[in-house]
Amino acid sequence: MKSDERNPLLSENINVKYAAVSDVKNDEPKNEDIPEREGRSAWLVVAASFLCICVLDGTMYSFGCFLKPLMLEMKQSRSTISIAGSLQVALSAFVAPVAAWLVVKKGARLVCLAGAVTASFGLLLASFASNLVGIFGGLSLLTGIGFGLMYIPAVVAVAENFTTRRSLAVGLSLCGAGAGQVAVAPLVSWLIETFGWRGALQALAVLTLSCAGFGTVMKQPVQEESGSRGSRRESEMPDYVSFADYEQNRSVLTVLLGSKIGSSEHVYVFL
């Protein structure tokens, strides 16, 4: 083939390649098309979630500090008093599905506020108890339910405000559990030695009530359009995952994990 006949073919081939590359580049999302959601207000939600989880986990796992004074006051055995702390932790876990459902209906902010008020009232009620009924009713029942209503919104609110750095944000907020277990127990021991177990419970009630202020920070971001969000999820699904099968379980995941996590494009890894 002569050179003058080969040149048009080469130029045509080059044009086709450059056209393919330009088509791929045009399909990529532009930075200005992505909503700016992970700003200072979103990280403020992470800080509020961290503090809420710090308070509730620190209070729950410092119950051992109350064992000896409660045994002396109630004249009961260690195993009997320990039931109160065990019930508190159990109820905070059992109430999680209800808390997730309430978050879907009312939002993380209101549920966290209700949980903080409930737990604070339970601690205050237990501080005036003169028998096991008051301890189980206030410290176990009300405080356990309140802590459960605080924990789920604290996690869901962080997930709702982040997309690309969601794993980092949720991980940082959950670090509050470890921080609370380290920091609150020594504080409770000092409060018991200084003000007695009743004064310590009242101080924890005030500390827990402050989580209502943290709950007001847990805003719900502006929702994206459902059509574009659904098409993006479907395009990012792996080839071996059926999007139709994933959609069948969405309602269950939404109830258990909250609206944002249940509708996340990455939640299929749990199926």
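**Close-ups of a predicted model**

The structure holds 1 salt bridge, counted when a side-chain nitrogen of Lys or Arg sits within 4 Å of a carboxyl oxygen of Asp or Glu. This is a predicted model, where local features need pLDDT of at least 70, side-chain atom pairs count only at pLDDT 80 or more, and totals for chains, interfaces and linings use all residues. Residues are numbered from 1 along each chain as its sequence is written, and side-chain values use heavy atoms, with hydrogens and water left out.

**View A. Glu73 forms a salt bridge with Arg198.** The closest N and O atoms of the two are 3.2 Å apart. Glu73 belongs to helix 3 and Arg198 to helix 8, so the pair ties together parts that are 125 residues apart in sequence. (Helices here are DSSP runs of H or I with at least four residues, strands are runs of E with at least two, and both are numbered from the N terminus.) Glu73 is partly exposed, at 38% relative accessible area, and Arg198 is also partly exposed, at 26%. On this scale buried means under 20%, exposed means over 50% and partly exposed is in between, using a 1.4 Å probe and protein chains only.

**View B. Helix 6 and helix 8 have axes that come within 8 Å and cross at roughly 170°.** Axes are lines fitted to C-alpha atoms, for helices over the stretch in contact, with angles between N-to-C directions running from 0 to 180 degrees. That makes helix 6 roughly antiparallel to helix 8; the label takes angles over 145 degrees, while under 35 is roughly parallel, 65 to 115 roughly perpendicular and the rest oblique.

**View C. Val117 lies in helix 6, residues 108–127.** At 45% relative accessibility, Val117 is partly exposed. Its C-alpha atom is 7.3 Å from that of Gly146, 29 residues away along the chain.

**View D. Leu187, Trp190 and Phe195 make a nonpolar surface patch of about 330 Å².** Patches take residues with over 30% relative accessible area and no salt bridge, joining like charges within 9 Å and nonpolar side chains (Val, Leu, Ile, Met, Phe, Trp, Tyr) within 5 Å. Areas come from the Shrake-Rupley method with a 1.4 Å probe, and for residues only the protein chains shown count as cover. Phe195 is found in helix 8, residues 166–209, and is exposed at 53%.
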